[in-house]
Amino acid sequence: MISYIIRRALLAIPTLLMVSIISFVIIQLPEGDYLDREIQRLQEQYGSDAGAAVRVEQLRERYGLNQPMHVRYAKWIWGFARGDFGESFEYEQEVNSLIWDRLAYTVMIALGSLVFSYAVAIPLGIYSATHQYKWSDHLLTFISFVGMSLPAFLVALALMVFAFRAFGVPLYGLFSDQYENAPWSWAKLADLLKHLWIPVVVVGINGTAGLMRIMRGNLLDVLGQPFIVTARAKGLKESTVVVKHAVRIAINPLISILGMSLPGILSGAAMVSIVLGLPTVGPLLLRGLLNEDVYLAGSLIMMFSVLLIVGNLLADIALAWADPRIRYE
Amino acid sequence: MHRRWPRVLIAISPVVAIVALLIALAGPGGERVEDLSAWPSGLEANEAPMLAKRVAEGRLPPLSQRLPERPLVARHDYAGYEGPGRYGGTWRRFDTSPQIASWKMVGGYAPLIRWRFDCQGLEPGLAESWEYKDDGTALTLHLRKGLKWSDGHPYTSADFAFFYELCLRNEAQLIPPVWCLVGGKPMAVETPDETTIVMKFAGPNWLVPLWLATGFWENEKYNIPKHYMVQFHPRYNPAVTAGDFTEFSRKNLPHQNPDRPTMWPWRLKECRDGGYYVLLERNPYYYVVDDLHRQLPYIDRVVSKLIPDQQVQVLKMLAGEIDCQYRGIQVMDLALFLKGTRSGRYRIKMWESTNGAEPGILVNWSAPDPVLRGLIRDRRFRRALALGIDREKGNQIAWRGMCTPQGSTISEESWHFAGEEGRRLFEEWKSAFAEYNLDKANTLLDEMGLTRRDAEGYRLRRDGERLTLVMDVTDASGNRMENDMGLIIAEGWRRMGIDAIIYTPPGAERSLRITLGKYTISMHSQAEMDLFTYPDWVFPAMAKYWHPKVGRWYETGGTEGDPPTPGDPLDRLLKIYDRIKKEKELAKRHELVHQAVRIHIDEGPFVLGTVARSPAPVLVGRGFHNVPDKGILGPWAPAGPGSSYPEQCWMDPEARQ
């Protein structure tokens, strides 16, 4: 098991290198660099004087934007490995000082959504399977199809409009105004939780619907198998048959899906954060990409990739732990 | 059967449990607020309670020692001024960039000399007075005595000298500003005493006061707190690596470094998450007072959040969570906002963008294709193009009828057109070739000999190729109105037998194509108050807009770009601009602008007009006072709304959060 984990971790390194090269190049594919965009912005706002061009040349030198791309890449990735992510042009700060809080909130929302979707999908999937083709199953099926087909950002927007119409408050950010600037306290934590459930639910909805369908399908498969018939023939209670015998087998695919659903949840969290104005990495990444703020956007993509790889690894370990058949292969 | 419902409940119980737990966890509570009830905040108070308390506790010198000898008295000769206000409150607003640029337009205006709010001239700022030597080669500024930075350290001529020294030595990305150069030679700065700055130029240089008054970015450059910044400067602090200005540049950012003293009405207190949360607090040493000699600003704090998503901005404003917002409302959402005023949470004051073309259609004088270049330099061709623009349709479709169709101009409110003669000239400029008349357009094209057509009915150029114009259009996600306008214009031109092809390069590339002169037709929204400092819409003085190549030639002193042909309109315009820079009399300078506009009417249009003058709505929250009813929120250079002294705004106690 340990050698398996080590092998997986080592495999992650070339993957990350590939990701970093591709994202670094793609971010900078459009003509011009960050400073060209900056000049454009300045011009549109207040015109620019002749000095701007000279100043920009000096900034370009300071940011190293006048060096060839591979030199910049080598510098950045070497720094990245040592924890120095470079400087964000737009925020005029070290990338390091910008992203950690936001990553924490991102992980919080992603984990919350995972827990939410599993906590909701499994019981509902079981219920749906054990009540196949009854009206309640049809209802749940209908709801889950609606849930699967609604993009998260749309749900978020609709929720915002609804909350505004109904209560007159915009759902925005992760804190109420009075806590925004306050030091951490229990009250602030409570305030955070009060805001957090909205993105958690919104991001989780798509996944939940899909998982529910999978849970239902698997359980139906398993329920038709001979050992279930045997269990029933033994005279076990129906609840024991379903929960102890059938669900244990039927739940395995859900665990391996855990790893696969991470990308969806992370990108869902990014989009919902942009709509709801949450202080996660989503809005930062979007602006970074639009502005060719290359070290910021590149570092964020790398962090996302690391999260995905670690998440996948954990999911695989969890599956091995839950299913002995995989462990002994 | 009777057990079915409970089972459903059991199945969804985890959801209910999680949600209920989260909601239950939420409890009351909040930040502790300083108790200031012992200090008056009404008209009897000369300073804010929070400062009075600190004075009483001995943590701050008394007001008389904090104000300059003769403080600047804020002007309020505008409709909408309600009177001196109470101290206190927090002004909530939002921004769209981490540089809080739109806030600096409001509360970042602390120049030596100020633009008047009506944009018709200048008035004193940090400098009490200024005078030129008769030949225009020297400008002397007299600072107010006793000005102080927000940390209490005196603001003196040494600060300006420090800034200029940085420029001359080319340190921290600073170079001598364009306005101090005469014939490429930078000025010399002398500071005979603490309150006198003397600038000596290599020749007559009459426009400097205008430059000093421009926007927030000029005064942000020259207002450098020497006493604080020297600790990061390698020549002053041996601990700093020689030649390394990284830390210096970073510490010099007024929107990021709360420790850096400022002359702003509100100083930066906190900047978190890379600018997503910005807190500003009153500057206890602010040098501006009201009529009753009470220190400004009235409002204690400003909270500015970075909200990138437009829909969220809209929601926050509709919900009354924004106390006052300039430049925040998209014109297309106006109906929604007006409807929202029924809630009583806010009012809308209609300011003017004063834009002269939204967008102006740029026709590249030095288009890359030689045949097209020849056509474009024939004024009949440009006139035909202008006549082929259905402005009324553009107004109705792209702008929902909120603009006025007209030829392309700079801002109507510009001081160049204030007089009777100026008005007449402007009217003529704005109506020149502003009609939609395909017959006339076709006649002009036929006259030029573009009569041969191909099988599809498009006109053929002299070299036998189809007459094709590639038009760079803003992409719809960047600016929907400009995109719509592009489509409408292309339609008109096709009906004239010109094959108009729409091209939507991504943002930066579009502007690069303009600057480098690679485009044939492009677009840019057009507005300007003062052509002396920002001449480019009328005079080809920089690599921009309709004249990138000639502008490049002019701004580089002839080393790059294309020179104008002697005697052609561009050459004449540049000669006029050279004369403006050397002209002492303001009235004569305006007259020279009139001559230039005359060239635009007779030889133009160089930029094709579409529609103009979109409204610029300002949102004013309930209980928020002293916001002018009318104003100009278009071009940034004349510094509106900062020039209206927004530090005079105040809030009802019950409106405060």
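A: Let's start with some terms. Two strands count as paired if DSSP finds at least two bridges between them. Strands themselves are DSSP runs of E with at least two residues, and like helices (H or I, at least four residues) they're numbered from the N terminus. One caution: this is a predicted model, so local features need pLDDT of at least 70, side-chain atom pairs count only at pLDDT 80 or more, and totals for chains, interfaces and linings use all residues. Residues are numbered from 1 along each chain as its sequence is written, while chains are lettered from A and ligands numbered from 1 in the order in which they are written.

Now for the part itself, strand β6 of chain B, residues 138–143. Strand β5 of chain B (residues 127–132) pairs with β6(B) in the antiparallel sense, over five bridges. Across that pairing, B:Tyr132 sits opposite B:Leu139 of β6(B). The two strands make a hairpin, with five residues between them. In the turn you'll find B:Gly136, whose phi is positive, about 75 degrees.

β6(B) has another partner: strand β8 of chain B (residues 196–200) runs antiparallel to β6(B), and five bridges join them. Here B:Thr140 faces B:Val198 in β8(B).

What about the two faces? In a regular strand, side chains alternate between the two faces of the sheet. In β6(B), the covered face holds B:Leu139, B:Leu141 and B:Leu143. The uncovered face has B:Ala138, B:Thr140 and B:His142.

Conventions
A residue is buried if 20 or more other C-beta atoms lie within 10 Å of its own, exposed if 12 or fewer, and partly exposed in between; C-beta atoms are placed from the backbone.
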